[in-house]
Structures are given as structure tokens and as C-alpha cells.
Amino acid sequence: MALPRVTTTPTSGAMFAGSTTLDSRPRPRPLQATGRTMTRTSCSFASLPMTPATPSEAAFLSQTHAGELLTTPHLHRKWVTTETLGRLGSYVGDEGVAALSKTLTHKESQGCLRWQSAKAIGAIGPHAGQKSAASLAQVLLQRKPGQPGADVYVRCGIASSIAKLGEAARGPGVFALSKALETEKVTSVRQRAASALGQLGAVAGELGVQSLVSALEKDEEVVVRCRCAEALGGASMSRVFGPKADGVAALATALATDKVDGVRWRAAQSLGALGDAAGEVGTAALLQASEKDNSLVVRSQCVEALEEIGKASAKVLRSRSTQLHSFVRGRAAKLLGSLGKGLPKSSLDLLLVTLLNDPDTHVRRRAGEALRDLGTLAGDIGVAALARAHLQDSDVYVDWVSSEALGDSSLGPVAKPSEESNAELDRLLEEDLARRAGPDEPEKPVVVDDDDGRDNEDDDGDGDDESVVPLPPKDRSRSEVLSEAAVLKAIQSRSSVTMGPATTIKFNMDVEYDDEVVADNDDDT
């Protein structure tokens, strides 16, 4: 008859007591936590998922596991303790983080324990701090035989862990990843380093982008170039693009010149993921590849990327956020004009109403340039919008670019849009005005104090000295109403009024006006 024996199962890492070879004997029972006290065995604490209920309990668990990790001579106990510290996550205190870092860099630690320690630090995340990132960076670059990072799987695990540290990876962590991507001889490590830089995003900084750009251009391994292309399209990565780290130009070059379809496909995908940050360089590369690339898959991805850029640019241009700089919205308008045949109808309509209704001069200028770049693709309705901008806009540059787009910058517009196009344009402007006003904002008459010192002059019944300008027809903007209010005031006071930065209108009092204020603007200056 077989004697009872103690067995272990690899599923949980916990010891099981009472198991025998006979079916009639008790089944294995795990040793686990009871209440607030952990049941210890000769092995270690049971490595079960835990969430401390209080900070004091978290500190106790962290200190206890850290002490055991540094003192026990048994590899299995070290492994289970390291794994448990990783499961504690952000609850781990400074003692636990320091113990993991020491285990990672200690010259007598086994490779498997270094890998597990790096994994635990990654599970702790940004809470691990820059000291842990420095320890990971040190081992990642010490790859000679006999050094802590000699094992390839250890370096791969370290690269993945650095990517999870977030802001804590800034500095030594990013430097080690960039150095590994440039100098590492093992393909899998370079691949992990490129992916880690992409996950860090803007934290990778200019140094990380430079390494990714260089590897995308020069690395001989396809898988590494693919990971670099993916990384350059990562979230927030475009924030650190610059003259010395131009990720868009690198992706455009890879899309045009790389011989592997997979690399070109990922370059197109990343350009689309960048949205309006892809700029005219990325858009031009996508347009060219969508027509000339010899791979159907790549061409399809280019079309999809152009659609993503168009949607992102339209969203930025449509935004009314005060935190969004006008140069950003202007770039989005210009980018829509570079889409050419890929520009959807909704984005063209947005450019038209932006040219005529947007209060920001810089944005209207870029919208005019976009319509000029589209040329005949803007259609008859584009001609109608440019003609109105030429006649009505007070900005000299908008006037010039509109007339240039219409074909004769010296004589003004020579094309005559159809009545249908004008009607459609009026409808778009009305919808845009309603959107700008907001669904809950009712239109009200514009009230202007004529400030002429006379009481009860043209009162509206509330006792104030004021003039009421009636609401405009539906095809006119609020800015025109405000201008009319100023015109009315100027006529009443027999003076002149400035309509914009470059136009001053003088009034002839013999001009007749009925429902609208009509001014003789032959003397515009």
C-alpha cells in the first residue's frame, strides 16, 4: 500500500497536503489566507491574487515579502515571493521595489529570477519609480557573457517592462531602449525595444523617435522595421516629432521605397493613425501610394488612412474649443485641401462654411488656400463660396487667394456660379450658423446702444436708450448683423465705421435704405 505524500501543482504554485495515490483518500487542499493572517508553509506565502484592504496591511505584506526575497536561499521561495510582489502591483512599498531591483542586478541571481523580477517591476508600473527604471536599463545594456543581461529572454522581458513604467521610464529607460534598438545584435530584443518605445509614446522623446527613424530606414530585419513603423504611429508620439526627429517623413519614405509589403502597409496605417499630424507630406505619400503601389493590400490601406486623416482634420477644424490654437485649425483646413479626390463631400462643405463664416482670419486664409488647391474638385459650389469671399471678406489675403483661385487675381472673379449652387451654399451657411449658436441658444435681436445722449430716443419700451436691429435673413451671418448695427449707429451719428482690419466705410446720407442698411462703399480704404 502506497504511503501518503505531499505534491505540488504548477497551476497556482501553492503546496497541497494530503494527496495520495488512492481515489478513496482526500483530494488536495490549497494552503491559503485565512482572515487577515497568511498561512505560511515551509515553501513560502501562498502566491494567490490579493488586494490589501488598508495601507498598513499593504505595507506589512510588502515589507515581509521584500525581507524574504533578500534572505531566503531557496530559488523556489524567491520565485514565488517575487511573483507575489508583482501581484501586489502599486501596493508595493519602497522596500519591495528596492528588493526587486537588487535581485535584478545581483551578480549571483539566476536568469529566471531576473526575468521574474523585471516582470514584477513592470506590473508595479510607474509607482516603481526611476530607480527601478535605471536598474532595468543597466541590465538591458549589460549583455556580455557573465553579465546580468547575458540571457536573451531576460533582455526581452526587461524591454517589455520598461514600456509599462510610463513617466518613470523617462531618462535611463528611454536611453537603454534606444541604445538597444541601435546596437543589439539579437533581432527579438530590437523588436521588443521598438515596440516599447511606441508604447511609451511622447515619453520616448526626440531620442526615441530618432532611434525608431534610423531603424526603420537601416535595419535589415523586416520584423524590426515593421515594429518601428507601428511605433511611430503610436498614441501621442507625434508630439515629439521635430526637424531632427521627423517621424512623418520617415513613414512617408518607407511607404514609397521599402520593398516589403508588410512594412509599407504598416507605414500607411501609422500615417492614418497620426490624423491631422500627418500633414501634407504624409498625405501626399498616401495619395501617391494609393494609385501607384503594386500591392492591392497597401493601396487599400492608403485609402483607409486618407479617410482617417480626413475625419481627424474635419474634427479639428470643426472644433470650437478655445484651447485649440488657430494654427492647428488652419493646418487641418489646409490638409483637407491636399486630399484631392479623397476629400469627402462633408469635408468640402466644412471648408466652404469655414471660408465664409469662421471668425478667425488665419483659419479663413487656410480654407481659401485649400479650396484653391482643390481646383475643379471643389465644383460649382466652391466657385460660389470663393466669389462671395472675394466680394465680402475684409482680409486682403483672403480676397487675393479667392480671386486667384477663380482665375484672375487682378480683375476679380470671372466665373458665375449657378443659382442651384448659391442656394445650396445658403443652406450650408444657415446650418453652420445654427450649429455655432447651439441647439439651446435662441436667436435674439441685436441691441446696440446708440449713445447719443438723448433719452427716450427710439426706445423699445424698456426705458433704455437703444436701437434694435431686426434679425437677418436666414442666409446671413451674425457677424453681418453686428456690422449692420454698427452701420446704423454710424449713419445716425453721421460718422464713419471700421468694418474690419483693412476696411473703413464712409457714408453718404442721401443713400436710401429700406429693410436693410445700404452703404455706398466706393470709398473703401
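**Helix packing and burial: a chat**

Student: Hi! Which are the buried residues of α6?
Tutor: The buried residues of α6 are V154, R155, C156, G157, I158, A159, S161 and I162. Keep in mind as we talk that this is a predicted model.

Student: Thanks. How enclosed is α6 by the rest of the structure?
Tutor: Helix α6 spans residues 152-162, and eight of its eleven residues are buried, so the rest of the structure largely encloses it.

Student: And what do the buried residues of α6 pack against?
Tutor: Their packing partners are five helices: α3 (94-105), α4 (111-124), α5 (129-141), α7 (172-183) and α8 (187-200).

Student: Let's take α5 then. At what angle do α5 and α6 pack?
Tutor: The angle is about 150°, and the two axes are 9 Å apart.

Student: Is that a left-handed or a right-handed crossing of α5 past α6?
Tutor: α5 passes α6 in a left-handed crossing.

Student: Which residues in α5 and α6 meet there?
Tutor: From α5 you have L136, A137, V139 and L140, and they meet V154, R155, I158, S161 and I162 in α6. By class, the residues of this contact are seven nonpolar, one polar and one charged.

Student: What about C112, buried or partly exposed?
Tutor: C112 has a relative accessible area of 27%, so it is partly exposed.

Student: How many disulfides does the count come to?
Tutor: Zero disulfides, going by sulfur-to-sulfur distance. The cut-off for a pair of cysteine sulfur atoms is 2.5 Å.

Student: Let me zoom out. How many helices and strands are in the protein chain?
Tutor: The protein chain has 21 helices and seven strands. Its 525 residues include 46% that count as buried.

Student: And which share of the contacts join residues at least 24 apart?
Tutor: If you take contacts between residues at least 6 apart in sequence, 60% of them join residues at least 24 apart.

Student: OK, new helix pair. How do the axes of α11 and α12 cross?
Tutor: Helix α11 (residues 247-257) and helix α12 (residues 261-274) have axes that come within 8 Å and cross at roughly 145°. In this pair, α11 passes α12 in a left-handed crossing.

Student: Which residues of α11 and α12 make the contact?
Tutor: On the α11 side they are V248, L251, A252, A254 and L255, and on the α12 side R264, A267, A268, S270, L271 and L274. The contact of α11 with α12 has nine nonpolar residues, one polar and one charged.

Student: Now α18 and α20. How do their axes cross?
Tutor: The axes of α18 (residues 379-392) and α20 (residues 419-437) come within 9 Å, crossing at roughly 70°. That angle makes α18 roughly perpendicular to α20. The crossing of α18 past α20 is right-handed.

Student: What meets what in α18 and α20?
Tutor: D380, I381, A384, A385 and R388 in α18 meet a set in α20 made up of S421, N422, E424, L425, D426, L428 and L429. The contact residues divide into six nonpolar, two polar and four charged.

Student: Staying in α20, is D432 buried or exposed?
Tutor: D432, which lies in helix α20, is at 5% relative accessibility, so it counts as buried.

Student: And what does D432 touch?
Tutor: Not counting residues up to four places away in sequence, D432 touches V353 and N357.

Student: Last one: what is R436 in contact with?
Tutor: Leaving aside neighbours within four places in sequence, R436 is in contact with R320, N357, D358 and P359. R436 is also in helix α20, and at a relative accessible area of 25% it is partly exposed. The C-alpha atoms of R436 and R318 are separated by 9.8 Å, and these residues are 118 residues apart along the chain.

Note on methods
Residues are numbered from 1 along each chain as its sequence is written. This is a predicted model: local features need pLDDT of at least 70, side-chain atom pairs count only at pLDDT 80 or more; totals for chains, interfaces and linings use all residues. Side-chain values use heavy atoms; hydrogens and water are left out. Axes are lines fitted to C-alpha atoms, for helices over the stretch in contact, and angles run from 0 to 180 degrees between N-to-C directions. Helices (H or I, at least four residues) and strands (E, at least two) are DSSP runs, numbered from the N terminus. Angles under 35 degrees count as roughly parallel, over 145 as roughly antiparallel, 65 to 115 as roughly perpendicular and the rest as oblique. A crossing is left-handed if the near helix is turned anticlockwise from the far one by less than a right angle, and right-handed if clockwise. Contact means heavy atoms within 4.5 Å. Ala, Val, Leu, Ile, Met, Phe, Trp, Tyr, Cys and Pro count as nonpolar, Asp, Glu, Lys and Arg as charged, and the others, Gly among them, as polar. Buried means under 20% relative accessible area, exposed over 50%, partly exposed in between (1.4 Å probe, protein chains only).
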